[in-house]
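Please read the following note alongside the sequence and the structure.

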Amino acid sequence: MKKIIAVLVAVTVFCSVSAPAFSAYKDEYKLDIVPSLTTAWGMGASYFTDLVRERSGGKINIKVYPSSQLTTGKQTNAFLLLRNGAIDSHPSTILPRSSS
């Protein structure tokens with residue numbers, strides 16, 4: 001009986017630790033940028049999204065929202081929106097959003 005409980009505990013721990021690693025990609029990631037798509041930042045963001053889509057085999061799709069559409073024109077809102085999960089990336093942030 002102790003062996004069965006030990007195995008069940010081990011399986012439970014393994015599943016709870018490894019579940020995030022096996023989670024699927026989101027349908028779309030949101031990238032908010034301040035300038036329009038016709039600027040160097042905008043063209044760079046578009047190029048970046050194309051490269052990510054190509055190199056991930058289409059598994060990762062990023063949509064660029066130019067002219068601060070998601071942050072309503074205030075860059076200071078970006079960090080709050082990142083923390084809340086409303087946006088996934090902003091050029092002023094170099095680290096991915098934490099899933100915690």
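The points below take up the salt bridges and then one aspartate.

1. The model is predicted: local features need pLDDT of at least 70, side-chain atom pairs count only at pLDDT 80 or more, and totals for chains, interfaces and linings use all residues. Residues are numbered from 1 along each chain as its sequence is written, and side-chain values use heavy atoms, with hydrogens and water left out.

2. The structure holds two salt bridges (a side-chain nitrogen of Lys or Arg within 4 Å of a carboxyl oxygen of Asp or Glu). In one of them, Lys26 pairs with Asp88, with the closest N and O atoms 2.7 Å apart. Lys26 lies in the loop between α1 (2-18) and β1, and Asp88 in the segment after α3 (77-84), so the pair ties together parts that are 62 residues apart in sequence. Asp88 is buried at 12% relative accessibility, while Lys26 is partly exposed at 34% (buried is under 20% relative accessible area, exposed over 50%, partly exposed in between, with a 1.4 Å probe and protein chains only).

3. Arg53 and Asp50 form a salt bridge at 3.4 Å, N to O. Both lie in helix α2 (residues 40-55), three residues apart, about one turn of the helix (helices are DSSP runs of H or I, at least four residues, and strands of E, at least two, numbered from the N terminus).
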